Amino acid sequence: CCSCCCNRGIVASRHHNYNNNYNNHQTEEGISNNTHKLIIEPSPSPPAPLQIYLALNEDLRISYRNKSLDYCKIEGSIQARIKNSPNAGTDQPTTFTLQVRDPSNQIDRLSQIKTKFVVGGAFHESRQVQVSIPSTCLKEYVPLFKYKCNDTIMPIPLRAQVLVKIREGKCRVAIQISANPDNDEDIRKLKVMLRVPEEIDGATLVSNDGGRYSTSSSVVVWSIPKLGKRSSHTNIKLMAHFRWDQQQPASLPKFPIYVHCTCRDEQLSDVFLEVPGARVKMDRRFRLFHQEHCYIASSQAGTAPG
């Protein structure tokens with residue numbers, strides 16, 4: 001009937017209004033909650049600490065002549081590379097304080113290699129300077145200083161002897177390389193070079209020790225993995241035979257010998273470096289350039305030095 005329909009319409013209308021009121025209440029409450037919601041912004045991350053790689057390289061040059069020490073020189077260089085900088089990604093240079101420590105007073109002279117990286121400091125008095133490296137050089141080692149050591153430090157890591165004799169149409173050369181028993185570590189990756197004089201045909205070389213002759217430099221080269229008290233060899237003997245078609249000479253040929261090697265994680269001096277407020281990783285190494293012009297000669301007989 002009409003009243004029933006009207007009643008149903010009223011119920012339906014009331015139900016519709018209830019739903020609308022509920023939805024409106026939810027919407028207004030949501031808006032109200034969003035209006036009063038506390039938004040926490042993420043805090044900026046702190047700048048990365050300064051990380052620096054410092055390289056301290058030293059070269060030892062020793063020469064013996066007629067069994068006497070001719071000279072012993074130690075020269076070093078200091079390089080720096082920025083591993084991580086607070087100014088990374090900007091045009092701002094990275095500046096830090098470098099301190100060169102020499103507790104045993106072994107440095108005779110210290111000088112700058114590239115002055116454009118050094119911006120201030122009483123270097124000659126305190127050996128402390130301000131270094132500024134531009135952003136374009138952050139990924140590479142830049143040379144900063146070089147130094148020479150005085151005579152208070154005179155290490156002798158090894159010695160070499162050469163014996164020469166001519167017999168039965170051959171020029172025989174015996175070499176002995178001996179490590180200093182006072183060395184703390186083994187000497188590794190040695191390169192032994194024997195210079196062949198002009199009167200010897202280096203192409204006739206016979207060597208059972210892995211020696212190779214270089215025609216461009218007129219030297220015989222041997223490679224020795226390591227030498228020292230920790231290895232199985234504190235000394236090593238090498239042999240080189242050459243054809244000799246000439247008569248007995250008035251004086252025997254001279255064979256200068258050169259020994260080169262690189263020792264990592266070691267250095268010769270007591271010099272060390274500091275950078276206050278930074279994380280520093282040191283890379284130390286020294287290279288040895290040893291040469292001897294003294295030798296033992298025998299025209300008829302002889303044995304390898306030992």
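**Core, ring and charge contacts in a predicted model**

Glu-75 is partly exposed, with a relative accessible area of 34%. The structure in which this residue sits is a predicted model. Glu-75 forms a salt bridge with Lys-148, and the closest N and O atoms are 3.9 Å apart. Glu-75 belongs to strand 2 (residues 68–84) and Lys-148 to strand 7 (residues 142–149), so the bridge ties together parts 73 residues apart in sequence. Lys-148 also counts as partly exposed, at 34% relative accessibility.

The protein has 306 residues, of which 37% are buried. Two helices and 17 strands were assigned. Contacts between residues at least 6 apart in sequence were examined; 76% of them join residues at least 24 apart.

The largest nonpolar core holds 68 residues. Phe-96, Leu-98, Ile-177, Phe-242 and Phe-255 touch the most other members. Strand 1 (residues 51–65) gives the most to this core, with six residues.

Phe-242 and Phe-255 are stacked, with 5.9 Å from centre to centre and 15° between the planes. Phe-242 lies in strand 13 (residues 235–243), whereas Phe-255 lies in the loop between strand 13 and strand 14. The two are 13 residues apart. Both Phe-242 and Phe-255 are buried. Beyond four places in sequence, the contacts of Phe-242 include Cys-171, Val-173, Val-196, Ile-200, Leu-205 and Val-220. Asp-201 is also among the residues that Phe-242 touches.

Asp-201 in turn takes part in a charged pair. Its partner in a salt bridge is Arg-243, with the closest N and O atoms 3.6 Å apart. Asp-201 is in the loop between strand 10 and strand 11 (212–214), and Arg-243 is in strand 13, 42 residues apart. Asp-201 is partly exposed, at a relative accessible area of 37%. Arg-243 is partly exposed too, at 45%. Arg-243 also meets the side chain of Asp-245 in a salt bridge, at 3.1 Å from N to O. Asp-245 is exposed, because its relative accessibility is 64% and the cut-off is over 50%. Shared partners join Asp-201, Arg-243 and Asp-245 into one network of salt bridges. Across the whole structure, eight salt bridges were found.

Lysines also lie over tyrosine rings. Lys-73 lies over the face of Tyr-71, at 5.1 Å from the ring centre. The charged end of Lys-281 sits over the ring of Tyr-53, 5.4 Å from its centre.

Backbone geometry was then considered. Most residues other than glycine have a negative phi. Lys-189 has a positive phi, near 55°. Lys-189 lies in strand 10 (residues 187–195) and is exposed, with a relative accessible area of 68%. Asp-265 also has a positive phi, near 60°. Asp-265 is placed in the loop between strand 14 (257–264) and strand 15 (272–274). Asp-265 is exposed, at 65%.

Gly-228 occupies the loop between strand 12 (219–227) and strand 13. Gly-228 is buried, with a relative accessible area of 4%. Leaving aside neighbours within four places in sequence, Gly-228 is in contact with Ala-179, Asp-186, His-233 and Thr-234. The C-alpha atoms of Gly-228 and Ile-187 are separated by 6.1 Å, although the residues are 41 apart along the chain.

Conventions:
Residues numbered from 1 in each chain as written. Predicted model: local features only at pLDDT ≥ 70, side-chain atom pairs only at ≥ 80, totals over all residues. Heavy atoms only, no water. Core = buried A, V, L, I, M, F, W, Y, C linked by side-chain atoms within 4.5 Å. Buried < 20%, exposed > 50% of the residue type's maximum accessible area, 1.4 Å probe, protein only. Helix = DSSP H or I, 4+ residues; strand = E, 2+ residues; numbered from the N terminus. Contact = heavy atoms within 4.5 Å. Phe/Tyr/Trp six-rings, centres within 6.5 Å; stacked < 30°, edge-to-face > 60°. Lys NZ or Arg CZ within 6 Å of the ring centre and 35° of its normal. Salt bridge = Lys/Arg side-chain N within 4 Å of Asp/Glu carboxyl O.
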